[in-house]
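Please open the structure in a viewer and keep the sequence at hand. The stops below are meant to be selected one after another.

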Amino acid sequence: MSSAASSAAWWWLPDKGDCYVAGRELSRTVKGELVCVTSDGRTMVPVPSDECFRIADLEALQHEPPVDLVKLEEVNPPTILHALRCRFSNRQIYTALGNILIALNPFELLEEVYTPELLLKYQAKYSDAAAPDAGLQPHVYDISARAMSRLYSAFGAPSGAARPA
């Protein structure tokens, strides 16, 4: 990135196709509206500044977003959408937001996301002899394994039932 580009202000700009796109400020109109060029080269003119969000750390957008949105440096609608879009493009349909699981529908079967082996890894995460989660991604299996673990801790396993491994 050139020094001119790094010193210019970057903004999340409203966009009909992508909800928000990143754009570098070129100038402002007399009404204070932003004139920006997007990262894909489109000139957006004029954009009311009250509809935009300033990007404080442009470098952060170049890295993988966190698996838990609580760890985002900037929290606003565009950065949340950007993180979800990046994860979705990598076929990661589940994202955590603290104890909340965000699931995006891929409109296709992702067989690698629902394997018996993966289910066992999440069950093992909450067993008595569980090792650290070893980098497991947010998943609906995690929610169900955590819920079962808490039920067993609170009430014990039903008689005749085997506790998950």
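**A tour of ring and charge contacts**

Begin by selecting Y94, Y114, Y122 and Y141, which ring pairs link into a cluster. Rings of Phe, Tyr and Trp (its six-membered ring) pair if their centres lie within 6.5 Å; planes under 30 degrees apart count as stacked, over 60 as edge-to-face and the rest as tilted. The model is a predicted one, in which local features need pLDDT of at least 70 and side-chain atom pairs count only at pLDDT 80 or more, while totals for chains, interfaces and linings use all residues. Residues are numbered from 1 along each chain as its sequence is written, and side-chain values use heavy atoms, with hydrogens and water left out.

**The aromatic pairs**

The structure holds four aromatic pairs. One of them joins Y94 and Y114 edge-to-face, at 6.5 Å centre to centre and 85 degrees between the planes. Y94 belongs to strand β6 (residues 94–97) and Y114 to the loop between β7 (100–103) and α3 (116–125), so this pair ties together parts 20 residues apart in sequence. Helices (H or I, at least four residues) and strands (E, at least two) are DSSP runs, numbered from the N terminus. Y94 is buried at 9% relative accessibility, and Y114 is partly exposed at 35%. Here buried means under 20% relative accessible area, exposed over 50%, and partly exposed in between (1.4 Å probe, protein chains only).

Next, select Y122 and Y141, whose ring centres are 6.5 Å apart with planes at 70 degrees, so this pair is edge-to-face. Y122 sits in helix α3 and Y141 in helix α4 (residues 140–155), so parts 19 residues apart in sequence are tied together. Both Y122 and Y141 are buried.

**The salt bridges**

How many salt bridges does the count come to? There are seven, each a side-chain nitrogen of Lys or Arg within 4 Å of a carboxyl oxygen of Asp or Glu. Select D15 and R42, which meet in a salt bridge at 3.1 Å, N to O. This pair links distant parts of the chain, with D15 in strand β1 (residues 10–15) and R42 in the loop between β3 and β4, 27 residues apart. D15 is buried, with a relative accessible area of 15%, whereas R42 is partly exposed, at 34%.

Finally, move to helix α4, where D142 and R146 are four residues apart, about one helical turn. Their closest N and O atoms are 3.5 Å apart in a salt bridge. D142 is buried at 10%, and R146 is buried at 16%.
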